[in-house]
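Morning, everyone. Please look at the structure on the screen, and I will walk you through it.

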There are 2 protein chains.
Amino acid sequence: MSGLSPYRATIDAAWIDYNGHLRDAYYGLVLSYATDDVMDQLGLDAAYRAGTHCTLYTLELHLHFLHEVKASDELTVASLVLEHDRKRIHLGSVFRCARLAEAVATAESMLLHVRQADEPATAAFPDAIAARLQTLQLNPEARAAFGPGSRRMQLVRR
Amino acid sequence: MSGLSPYRATIDAAWIDYNGHLRDAYYGLVLSYATDDVMDQLGLDAAYRAGTHCTLYTLELHLHFLHEVKASDELTVASLVLEHDRKRIHLGSVFRCARLAEAVATAESMLLHVRQADEPATAAFPDAIAARLQTLQLNPEARAAFGPGSRRMQLVRR
């Protein structure tokens, strides 16, 4: 079974800030759309959400901004299932643009499967989606190679 | 000397997603605007940037999404200097809305003072700004009370 297809985003001119580069928050917006695309690829799409009242909520997000992105760039986001359990996906994301050999950003997100109601409650993935996640989950070598990843942020004196 | 003033944001209807709540990325956009406001309060404002070609770049960001935010909410972001050195600020942020007693999100950002040129380079803060940061930096008790904070994200089996 193949992996997840990457997501492509064109930079909106309004996303460039006074520093002349992509404003930090818009890496997050591109990531949010890329995650919607992952949901579609997993079968957690609009029809699934309408039929089950189940969806994904983002619990936590850690972004590393590695290179400036300019108005003329097109961003590609590759999504990786770092880990999953019955109701959570720990997703890794690598942002690239054609101009640079290295990744321009990386991200980790923790996503929770939730049934929406007056009081939203966690819910286990259907078997077919759990099986698909199991196929997608990185092997330990690929998992170890992902980075820079989340961590406790602190100033180390230099 | 007083602390930093909080930033207030009104939720744009376009920021609400198919889940009926504020899309994750727009917490990041509100935070980005709140950080611009912190820059203004510190004296790293548009006139400073134009005069010195110095600005702040975001290196890293970790967000915790704690409660859903709805279209009718107004967000307030309180900014805290968790730590700083000669050219970096480790900023903490607490998102609140009037409807809930608890914070709806927290964030940590690592910000780097940069002189922009063909090759941007790190730069030390001017003395007046370094002194202001020193005044603002949280004492150890307040620093320890900030959270949930950044960390290595991982699934813990339950």
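How many aromatic pairs does a search of the whole structure find over all chains? The search finds 6. Keep in mind that this is a predicted model.

Start with one of those pairs. Trp15(A) and Tyr26(A) are stacked. Their centres are 5.2 Å apart, with 5° between the planes. Where do these two residues sit? Trp15(A) is in the loop between strand S1 (7-10) and helix H1 (24-42) of chain A, and Tyr26(A) is in helix H1 of chain A. So the pair ties together parts that are 11 residues apart in sequence. Are the two residues buried or exposed? Trp15(A) is buried, at 12% relative accessible area. Tyr26(A) is buried too, at 10%.

Now a second pair, Tyr27(A) and Phe95(A). The ring centres are 6.0 Å apart and the planes meet at 55°, so this pair is tilted. Tyr27(A) belongs to helix H1 of chain A, and Phe95(A) belongs to strand S4 (residues 88-97) of chain A. The pair therefore ties together parts that are 68 residues apart in sequence. Tyr27(A) is buried, with 3% relative accessibility. Phe95(A) is buried as well, at 0%. Ring pairs also bring in Phe65(A), linking it with Tyr27(A) and Phe95(A) into a cluster.

Stay with Phe95(A). What does it touch, beyond its neighbours within four places in sequence? Its contacts include Tyr27(A), Val30(A), Leu31(A), Leu63(A) and Leu75(A). Ala103(A), Val104(A) and Ala105(A) are also among them.

In soluble globular proteins, nonpolar side chains tend to be buried together. Here the largest nonpolar core has 45 residues. Among those with the most contacts inside it are Leu22(A), Val30(A), Leu75(A) and Phe95(A). From chain B, Leu22(B), Leu75(B) and Phe95(B) are on that list.

Next, a helix in chain B. Which residues of helix H3 (residues 127-136) of chain B are buried? They are Ile129(B), Arg132(B), Leu133(B) and Leu136(B). Seen down the axis of H3(B), the buried residues fall within an arc of 100°, so they line one face of the helix. Here is the general idea. An α-helix has 3.6 residues a turn, so residues three or four places apart point the same way. What do the buried residues of H3(B) pack against? In chain B, they meet helix H1 (24-42), helix H2 (46-52), strand S3 (74-84) and strand S4 (88-97).

One more residue in chain B. Leu112(B) lies in strand S5 (residues 105-115) of chain B. Its relative accessibility is 11%, so Leu112(B) counts as buried. Not counting residues up to four places away in sequence, Leu112(B) touches Thr55(B), Leu56(B), Tyr57(B), Leu59(B), Lys87(B), Arg88(B) and Thr122(B). Arg86(B) is 26 residues from Leu112(B) along the chain, and their C-alpha atoms are separated by 9.6 Å.

Last, the two chains together. Arg49(A) lies over the face of Tyr18(B), 3.8 Å from the ring centre. The charged end of Arg49(B) sits over the ring of Tyr18(A), 3.8 Å from its centre. What rotation superposes chain A on chain B? A rotation of 180° does, with 0.0 Å of shift along its axis and an RMSD of 0.0 Å. That is the relation of a two-fold axis. The same surface serves both copies, with 100% of the contact residues of chain A recurring in chain B.

Technical notes. Residues numbered from 1 in each chain as written. Chains lettered and ligands numbered in written order. Predicted model: local features only at pLDDT ≥ 70, side-chain atom pairs only at ≥ 80, totals over all residues. Heavy atoms only, no water. Core = buried A, V, L, I, M, F, W, Y, C linked by side-chain atoms within 4.5 Å. Buried < 20%, exposed > 50% of the residue type's maximum accessible area, 1.4 Å probe, protein only. Contact = heavy atoms within 4.5 Å. Helix = DSSP H or I, 4+ residues; strand = E, 2+ residues; numbered from the N terminus. Arc of directions from axis to C-beta. Phe/Tyr/Trp six-rings, centres within 6.5 Å; stacked < 30°, edge-to-face > 60°. Lys NZ or Arg CZ within 6 Å of the ring centre and 35° of its normal. Least-squares fit on C-alpha atoms with pLDDT ≥ 70 in both.
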